[in-house]
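Please consult the sequence and the structure while reading.

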Amino acid sequence: MSLLVTNARLITVPAGTDDPGYIERGYLLVQDGRIAAIGAGDPAPGLTADEILDVDGKFVAPGFVSSHSHLFTSGSRGLGVDQTLYGWCTSMFSVLNNASPDQIYWATLHGSLDFLANGVTTAYNFTDPLLPWEPMVEGKRADGGGVLRDHAWHTRQADGCHDAGLRFVDSIALDATVGTDDEIFARFEASLDHVLAMDPDIALGASIMGQVQWSTRPDAAEIEVAVMDRFGVTNQAHFLETYEAIEHQQTKFQLYKNAGALRPGMMFGHFIQTTPEIIADAAAGGASMSWQPASNGRLASGIAHVPEMLDLGMKVGMGLDDQACTDVADPWQNMRMGMFMQRARTHDPLSMMPERVLRLHTLGGAEIMGVDDRVGSLEVGKFADFVVVDPRLPDVGPLWNPVRSYVLACGLRNLKQVYVGGKLVNENGVSTNPLAAEATHVLHTELPALADEFGVIL
């Protein structure tokens with residue numbers, strides 16, 4: 001099947017330049033799920049397709065990329081509002097720790113469909129580990145022990161992303177405090193094999209959920225690097241996120257440095273409680289970071305020094321984190337919060353401009369995830385993942401600078417359609433996925449039943 005989009009205000013976000021690639025009136029041709037042609041004005045005479053989509057002056061822009069996400073949390077919004085990270089986690093997991101693998105599947109599928117409804121077409125997804133959450137003591141894991149869940153706890157989360165049709169990189173925890181090193185490698189390989197057996201156009205790859213921040217193992221960084229090397233995967237570590245035990249957190253950075261982890265493919269999620277030396281070392285080694293401003297504000301975690309990182313050549317992507325700690329998985333809100341936080345911190349409007357923040361939430365996220373050859377921008381050969389956004393419904397006024405108006409004045413209220421691979425997956429907030437109704441039913445019936453049975457920490 002082919003699709004020809006016409007009369008579009010195109011925002012392409014091309015690679016290799018800071019220019020947003022704006023075309024006032026143009027067209028986009030999709031063949032076999034990928035962009036076959038893109039240009040200004042009308043299509044060349046004779047250029048046609050099985051379906052013609054005349055968007056009549058609406059924006060057509062890349063689907064957003066969330067480079068840091070926890071999609072299983074979609075049914076846990078509004079919890080732990082008076083808490084920082086660890087207290088919020090304890091509240092959220094008071095319900096989810098008691099879910100079955102099938103229930104965590106539906107929660108993940110629901111979260112994936114929610115991302116698609118909000119214009120996010122690719123996500124780096126942290127699956128909930130096989131080792132259940134345990135409360136932190138002064139920002140540190142109490143003992144590092146515990147009993148692992150069945151392996152289906154991971155695989156069903158990957159299935160949920162896949163069945164929703166959301167492109168994803170699957171992030172797998174090593175749970176390195178349980179079992180021998182050989183057992184840790186074998187568990188990861190089993191999870192990796194499950195992901196690699198999926199449709200490679202949807203499951204874009206696998207990665208490690210780095211856990212050195214909380215691990216009681218002194219060689220935890222070496223284990224992660226060994227897995228990266230052995231299986232050829234990336235690694236994203238939740239790192240230097242909270243105000244708790246900052247000095248203890250910062251000492252863990254040296255573990256990654258000594259292990260040789262500071263290199264391309266190593267991502268630091270959040271990366272807030274840094275020092276200039278830590279930022280310089282990470283940038284010099286080629287490591288990148290994922291920025292979650294909405295989550296960082298909701299959980300009172302702080303403000304990452306993103307402009308300083310970018311100035312040192314560090315690659316940065318943006319993520320929406322948990323739906324349970326952003327509550328609305330809104331990429332426009334995330335971009336604006338990030339812009340405003342940086343401007344308030346630096347007192348400099350140029351420290352974060354709309355064009356830059358848009359790039360970070362599209363191609364920038366794809367770059368740090370290692371999937372920018374396939375997603376993140378509207379370019380020939382890439383997947384045809386795009387959003388259709390109407391600046392006139394509701395009307396945002398004259399488009400003095402269209403790209404800036406797209407970032408600053410548009411939002412979910414203007415989002416009309418979402419396409420993945422040239423196929424409509426959501427229109428006006430309504431999913432085309434046949435599993436959507438069942439996902440909603442499960443979340444609204446089975447999660448409250450779990451809360452009634454086991455209790456919920458509000």
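A residue is called buried when its relative accessible area is under 20%, exposed when it is over 50%, and partly exposed in between (1.4 Å probe, protein chains only). The model is predicted: local features need pLDDT of at least 70, side-chain atom pairs count only at pLDDT 80 or more, and totals for chains, interfaces and linings use all residues. Residues are numbered from 1 along each chain as its sequence is written, and side-chain values use heavy atoms, with hydrogens and water left out.

**Salt bridges**

- A salt bridge is a side-chain nitrogen of Lys or Arg within 4 Å of a carboxyl oxygen of Asp or Glu, and by this rule the count comes to 17.
- One of them joins Arg-25 to Asp-42, with 2.5 Å between the closest N and O atoms.
- That pair links distant parts of the chain, 17 residues apart: Arg-25 is in strand β2 (residues 22-31), and Asp-42 is in the loop between β3 (34-40) and β4 (51-54).
- Helices (H or I, at least four residues) and strands (E, at least two) are DSSP runs, numbered from the N terminus.
- Arg-25 is partly exposed at 38% relative accessibility, whereas Asp-42 is exposed at 51%.
- Another salt bridge brings together the side chains of Asp-229 and Arg-263, at 2.5 Å from N to O.
- Here too, distant parts of the chain are linked, 34 residues apart: Asp-229 belongs to helix α5 (residues 220-231), and Arg-263 to the loop between α6 (246-258) and β13 (266-270).
- Arg-263 has a relative accessibility of 24% and therefore counts as partly exposed.
- Lys-257 and Asp-281 also form a salt bridge, in which the closest N and O atoms are 2.9 Å apart.
- Because Lys-257 lies in helix α6 and Asp-281 in helix α7 (residues 276-285), this pair ties together parts that are 24 residues apart in sequence.
- Both partners are partly exposed, Lys-257 at 37% and Asp-281 at 28%.

**Nonpolar cores**

- A nonpolar core is a set of buried Ala, Val, Leu, Ile, Met, Phe, Trp, Tyr and Cys residues joined through side-chain atoms within 4.5 Å.
- The largest nonpolar core has 90 residues, of which Tyr-256, Phe-268, Phe-271, Trp-291 and Tyr-406 touch the most other members.
- Helix α5 supplies the largest share of this core, seven residues.
- Another core, of 24 residues, lies apart from the largest one and includes Cys-89, Met-92, Ala-324 and Cys-325.

**Buried residues and their contacts**

- Contact means heavy atoms within 4.5 Å.
- Which residues does Gln-342 touch, not counting residues up to four places away in sequence? They are Trp-291, Ile-303, Ala-304, Val-306, Pro-307, His-347, Ser-351 and Met-352.
- Gln-342 is part of helix α11 (residues 331-346) and is buried, with a relative accessible area of 0%.
- Ser-69, in strand β6 (residues 64-70), is likewise buried, at 0%.
- Beyond four places in sequence, the contacts of Ser-69 include Phe-115, Tyr-124 and Asp-321.
- Val-357 in helix α12 (residues 354-369) is buried at 0% relative accessibility.
- Among the contacts of Val-357, leaving aside neighbours within four places in sequence, are Trp-291, Met-318 and Val-407.

- An α-helix has 3.6 residues a turn, so residues three or four places apart point the same way.

**Cysteines**

- The structure holds zero disulfides, a disulfide being a pair of cysteine sulfur atoms within 2.5 Å.
- Cys-89 is in no disulfide, and the nearest cysteine sulfur, that of Cys-325, is 8.1 Å away.
- Cys-89 is buried at 8% relative accessibility, and Cys-410 is buried at 1%.
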